[in-house]
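Please look over the sequence and the model shown here before reading on. The notes that come after are meant to be read alongside them.

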Amino acid sequence: MLSAFVNCFKIPELRQRILFTLAVIVVVRLGSAVPCPGVNPNVLSEYFHTVIDQQAQGSVVGMLNLFSGGALENCALFSLSVMPYISASIMIQLLTTVLPVLGKLAREEGGREKLTQYSRILTGFLCIFQGYLLAVGFENPESIPLLHGITSVIERLGVPLVPDPGWAFRLITVLSLTSGTMLLMWLGEQITDKGIGNGVSLIITIGILARLPAALLQAWSKLVSPSSISASSPLLVALLLVFLFGVVAATVAMTQGVRKIVVHYAKQVRGNRVYGGQSTFLPLKVNYAGVMPLIFAQALLLFPSTIIGFLFPNSPAAARFATSLSAGGLYYGITVLLVFFFSYFWVATQFNPVQIADDLKKHGGFVPGIRPGKPTAEFLDFSMTRLTLAGAGFLSALAVLPMLVQSLLGIPAITAQFFGGTSLLIVVGVMLDTMRQTETHLLQRRYDGFLKRGKIRGRSSFGPAGRTGPVQEGTLVWLYALIGLLVIAGVTISLAKH
C-alpha cells in the first residue's frame with residue numbers, strides 16, 4: 001500500500017490532480033474560518049462550545065454545523081456549505097421522474113448539461129432565501145428555537161451577536177453567504193474536472209472530518225478527564241474504538257455489496273462478423289438509494305420540531321412533543337418507517353426494470369431461466385425489492401445508532417454522530433469512490449493498485465453470481481489509514497490551539 005502512495009506521485013497527471021485537490025481543500029478550510037461582516041464570531045463560537053456540543057441530543061444547528069465543517073459556528077462565508085446545491089440537485093432529479101418535460105430533456109443529447117444549469121439557478125435562489133433567514137435569526141437570536149440558550153451566552157460575554165442590525169447587515173450577510181456557496185459549488189466542479197474524486201461530495205466529507213478532532217476531544221474530556229475518570233473509563237474507550245471500527249467495516253461492506261444477475265448474450269451474425277455469445281452480469285446494489293433515505297428522514301424529523309417551536313414558543317405540551325420528535329421511542333419508530341419508505345420510494349423513481357429488460361432484449365441479452373421481456377422485468381423488480389429490504393434495514397440501524405450510543409454511554413452529541421447516520425455513510429462512500437478513481441489512474445499506467453493484483457478486493461471478493469461476499473481487510477486498511485492521518489493532524493492542531 002505504501003508503494004501505491006509513492007506511485008501516485010510518479011504519474012505526472014495523477015500528481016497534478018492530487019495537488020490541485022489538496023490546494024482546493026485548503027481554500028475551502030480557509031473560507032470556513034473567515035467570518036461574515038457584522039457578526040461577532042466569539043459569541044457563536046462560545047455558544048457552540050458550551051451549549052450545542054455539550055447537549056444531550058442532536059439538533060438542526062448541530063447537524064448543519066457538522067456538514068459545514070464548523071463554518072456555521074464562525075458565521076463564515078461558507079456557512080451554508082454546498083447543502084443548497086445538494087438540495088437543488090435532488091429537487092431537479094426528483095422532478096425529472098414526475099414532469100415528463102424534464103424527463104424527456106434528461107434523455108436528450110445535452111439535456112444533462114441543461115438540467116445542471118437549472119440546478120445552479122435554483123441553488124442561487126435557495127442561498128438567498130436561507131441567507132436571509134439566517135441573517136434575521138442572528139439579529140433576533142432569542143426569538144428562534146434554533147439558537148436556544150444563546151441569550152445566556154450573550155449576557156455572560158456582555159456583547160451582542162449583531163452589533164448593528166438592519167437591512168444593511170441583512171444585505172451584506174445574504175450576499176456573503178450566497179457568494180460563498182456559489183464559490184464552493186464552482187470549486188467542487190473544478191475538483192471533479194481537474195482533481196480527483198467527486199468535488200461536491202469531497203467538500204462535504206472534508207467538512208465532516210474537520211469536526212472529528214473536536215469530537216474526539218469532547219469524548220476524551222467526558223470519559224477520561226480527571227473529573228469523570230473511573231475504573232471502567234479506559235475499557236469503555238477501548239470498546240468504543242473497537243465498536244467504531246466494526247461500524248465502519250459494516251458500512252463499507254454494505255456500500256460495496258451487490259447481487260450479480262448473470263446475463264447471457266446470444267450469438268448474432270452481422271455480415272462476416274459474429275457478435276455476442278458471451279456472459280456478463282448485471283450488478284444490483286444492496287444499498288441502491290445510498291444516503292438519500294437518511295437525509296430525507298432526518299430532515300422530516302428535525303425541521304417539524306423546529307417549526308413547532310416557532311409556532312408555539314410558550315406551550316409546554318408543544319415543547320414535549322417537539323422533544324419526542326428528536327429523541328426517544330417515537331423518534332426511533334418514525335425514523336425506521338421513514339427510512340424504509342424513502343428507500344423504496346427512491347428505488348421506485350430511479351430504478352426502471354422495464355427499461356432494463358427492454359434494453360437487454362434489444363441487444364440479445366437474457367437472464368438464464370427467465371424469458372425476455374416482461375418476465376425479466378418482473379424478476380428484476382422482485383430481486384431489487386428484496387435487496388432494498390436488506391439495505392433499508394441496515395440504514396435504519398445506522399440511523400438510530402448514534403442516538404443509542406449517546407443515550408446509553410452518555411457521550412456528547414458531536415461524538416455520537418460519527419458512530420453512524422448520514423455523516424459516516426457519506427465519509428465511507430466518498431472515500432471509496434476517491435480510492436477507485438485513484439486506482440484507475442494507477443492501473444492505466446501499469447502500476448499496481450492499493451492492493452495486490454491491482455484490484456480493490458472489495459469489488460472482486462464477491463462469490464458466485466447472485467451472492468454478496470464480504471469486503472476483505474485491504475480496503476479497510478486503506479480507509480482507516482486515511483482517517484487516522486486526518487485525525488492525527490486535527491488533534492495536533494487542536495492541542496496546539498489550547
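Predicted model: local features only at pLDDT ≥ 70, side-chain atom pairs only at ≥ 80, totals over all residues.

Residues are numbered from 1 along each chain as its sequence is written, and side-chain values use heavy atoms, with hydrogens and water left out.

**Overall make-up**

- The chain has 21 helices and five strands, where helices (H or I, at least four residues) and strands (E, at least two) are DSSP runs numbered from the N terminus.
- Of the 498 residues in the chain, 47% are buried; buried means under 20% relative accessible area, exposed over 50%, and partly exposed in between, with a 1.4 Å probe and protein chains only.
- Among contacts (heavy atoms within 4.5 Å) with a separation of 6 or more, 74% join residues 24 or more positions apart.

**Nonpolar cores**

- The largest nonpolar core has 70 residues, and those with the most contacts inside it are Val82, Ile204, Ile208, Ile411 and Ile426; such a core is a set of buried Ala, Val, Leu, Ile, Met, Phe, Trp, Tyr and Cys residues joined through side-chain atoms within 4.5 Å.
- Helix H17 (residues 374–409) supplies the largest share of this core, ten residues.
- Because domain 1 (1–195) and domain 2 (237–448) both give residues to this core, it lies between them; the domain bounds come from an automatic or database domain assignment.
- A second, separate core of 21 residues includes Val39, Cys127, Val153 and Leu177.

**Packing of H10 and H19**

- Helix H10 (residues 199–210) and helix H19 (residues 421–444) pack at an angle of about 125°, with their axes 9 Å apart; axes are lines fitted to C-alpha atoms, for helices over the stretch in contact, and angles run from 0 to 180 degrees between N-to-C directions.
- H10 and H19 are therefore oblique to each other, given that angles under 35 degrees count as roughly parallel, over 145 as roughly antiparallel, 65 to 115 as roughly perpendicular and the rest as oblique.
- On the H10 side the contact is made by residues including Ile204 and Ile208, and on the H19 side by residues including Ile426 and Val427.
- Not counting residues up to four places away in sequence, Ile208 touches Leu66, Phe67, Phe418, Ser423, Ile426 and Val427.

**Two single residues**

- Pro412 has its place in the loop between H17 and helix H18 (413–416), and is buried, with a relative accessible area of 5%.
- Pro412 and Lys222 are 190 residues apart in sequence, and 7.7 Å apart in space, C-alpha to C-alpha.
- Leu30 is found in helix H2 (residues 12–31) and counts as exposed, at 55% relative accessibility.
- Leu30 and Ala71, 41 residues apart in sequence, are 9.7 Å apart in space, C-alpha to C-alpha.
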